[in-house]
Amino acid sequence: MLAPTRWGWCGRRSGWAWVVGLLWEDWAGGVWMFLWENIQLALEGLRANKMRSLLTMLGIIIGISAVIAIVTVGGAMTDVVTDQMHSIGANNIQVTLHPRGGTDFTVGFGGASPAPLEVDFITDEMIERFYGIHHPNITAMGLTHPVGNGWAGDLRAGVNVSVVGVNPGFGQTNGINMMNGRFINDSDVLSRRYVAVISHRLADELFPYADPLGQEIRIDLAGVSDIFMIVGVYEHIDIGLSLLGMGGGSAGRTDFYIPITTANLLTRSGGGHQSFVVMVEPGVEISGFVRHILDFFSPLYAHNPRFTVAALPMDTILGVTETIMDTLAIAVAVIAGISLVVGGVGVMNIMLVSVTERTREIGTRKALGARSSAIRIQFVVEAVIICAIGGILGVALGMVLGYVGSLLLENPSLPSVSIIFIAVGFSMLIGLFFGYYPANKASKLDPIEALRYE
């Protein structure tokens with residue numbers, strides 16, 4: 001015959017299997033009801049002490065929101081920098097002076113030591129000879145000569161600028177997007193003309209109602225003024241590569257491009273370069289061309305005791321940049337994690353206060369037959385609920401802050417679902433860890449002493 005069970009007609013299910021299944025269902029249902037009752041008690045306690053509960057959660061909320069916001073903004077910034085580097089060109093190779101005995105990435109990332117002298121510089125003659133040999137595989141070569149920071153405009157209006165001497169190839173190797181006019185050309189360089197290519201932000205500031213092309217602009221550099229004629233306007237990049245000093249200017253300042261020969265004239269420099277960028281033709285093997293660069297320049301620096309030449313492909317620079325940004329994000333996240341620990345200590349403190357306040361209640365429950373394990377679970381569940389709610393509020397706040405931060409980077413982003421679950425789960429673990437000691441203390445109270453507590 002078919003025996004009816006809680007699962008319907010079980011067919012050939014044995015009697016033992018039916019009994020075990022029934023017991024399991026009763027046990028699981030009892031556990032769930034027990035946990036649900038404790039969750040309800042915890043929520044009622046939170047409602048009864050709203051302000052205290054909120055202050056208890058504050059450390060958890062701050063820590064979780066900081067981690068979520070940092071991960072979101074860090075991911076958005078990494079995406080922006082990666083996209084901009086790829087837009088510049090995956091075929092770019094940066095050739096730079098490299099201190100002997102230093103790491104591969106010392107120069108170009110803020111750590112060059114000792115500082116190169118003019119005698120150490122890569123000369124124009126070296127570059128011309130290299131180009132003459134390998135020009136079939138080269139799309140463009142970008143050269144720069146920083147002049148310094150100056151003031152563009154007059155006493156009534158103006159903008160801080162970074163004056164940079166460049167060659168025509170700089171625009172292509174650095175992905176300069178021209179919005180109006182033209183970039184620096186060979187004629188400007190050969191004639192040492194006082195012409196300039198400015199950012200659209202500078203153009204909007206100084207010429208809001210006029211065409212900036214053909215206008216003259218005064219630049220004050222260390223007390224010396226020079227007048228340049230504007231021949232082009234480029235799109236200014238506020239973030240991304242500007243953070244790395246690779247185009248667009250730094251915070252609050254835009255780049256003011258002039259012919260590189262004019263820059264040499266202003267600085268009374270004899271020429272020479274600490275670095276330059278080579279953009280190779282599509283299809284050319286990057287690693288092979290890097291070897292060609294090193295084979296050409298290494299003999300020229302064989303007798304230089306301080307410097308040699310290094311060649312860094314764009315993907316290598318991108319990898320270093322991502323590593324630096326990931327390290328910074330981890331460091332800041334660790335600092336934010338300290339607030340989670342502080343928040344956990346706050347939870348433990350409040351739970352100890354709660355145990356003290358409810359001593360008579362605990363004694364009554366134990367006198368009526370409640371087990372120590374039930375008392376322990378009650379307080380652990382309450383601590384976990386506090387931290388879980390704090391974690392959810394922290395995630396919501398972190399998502400808002402992260403979205404606003406990524407929006408400022410012009411790459412609106414939200415954290416991944418996995419990060420959200422990890423954050424909430426971690427906050428619950430904090431509740432479990434820091435709530436166990438008060439819960440264990442409550443479970444060990446003597447019922448007689450607890451009932452006498454005033």
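Predicted model: local features only at pLDDT ≥ 70, side-chain atom pairs only at ≥ 80, totals over all residues.
1. Residues are numbered from 1 along each chain as its sequence is written, and side-chain values use heavy atoms, without hydrogens or water.

2. Have a look at α11, residues 372-408, a helix (a DSSP run of H or I, at least four residues, numbered from the N terminus). Its 37 residues reach 54 Å from first C-alpha to last, close to the 54 Å expected at 1.5 Å a residue; that expectation is 1.5 Å times one less than the number of residues. After α11 comes E410, with a positive phi near 60°.

3. Which residues of α10 meet α11? They are E361, I362, R365 and K366, and their partners in α11 are S372, I375, Q378 and F379 (contact means heavy atoms within 4.5 Å).

4. Now for the second largest pocket. Its lining has 19 residues, with I127, E128, L143, N167 and D186 nearest the centre. β4 gives the largest share of that lining, 5 residues. The lining divides into 10 nonpolar, 6 polar and 3 charged residues. (A pocket is an open set of 1 Å grid points where a 1.4 Å probe fits, with protein on both sides within 12 Å along at least five of seven lines; lining residues have an atom within 4 Å of a point).

Terms used:
Axes fitted to C-alpha atoms, helices over the stretch in contact; angles between N-to-C directions. Helix = DSSP H or I, 4+ residues; strand = E, 2+ residues; numbered from the N terminus. Nonpolar A, V, L, I, M, F, W, Y, C, P; charged D, E, K, R; others polar.
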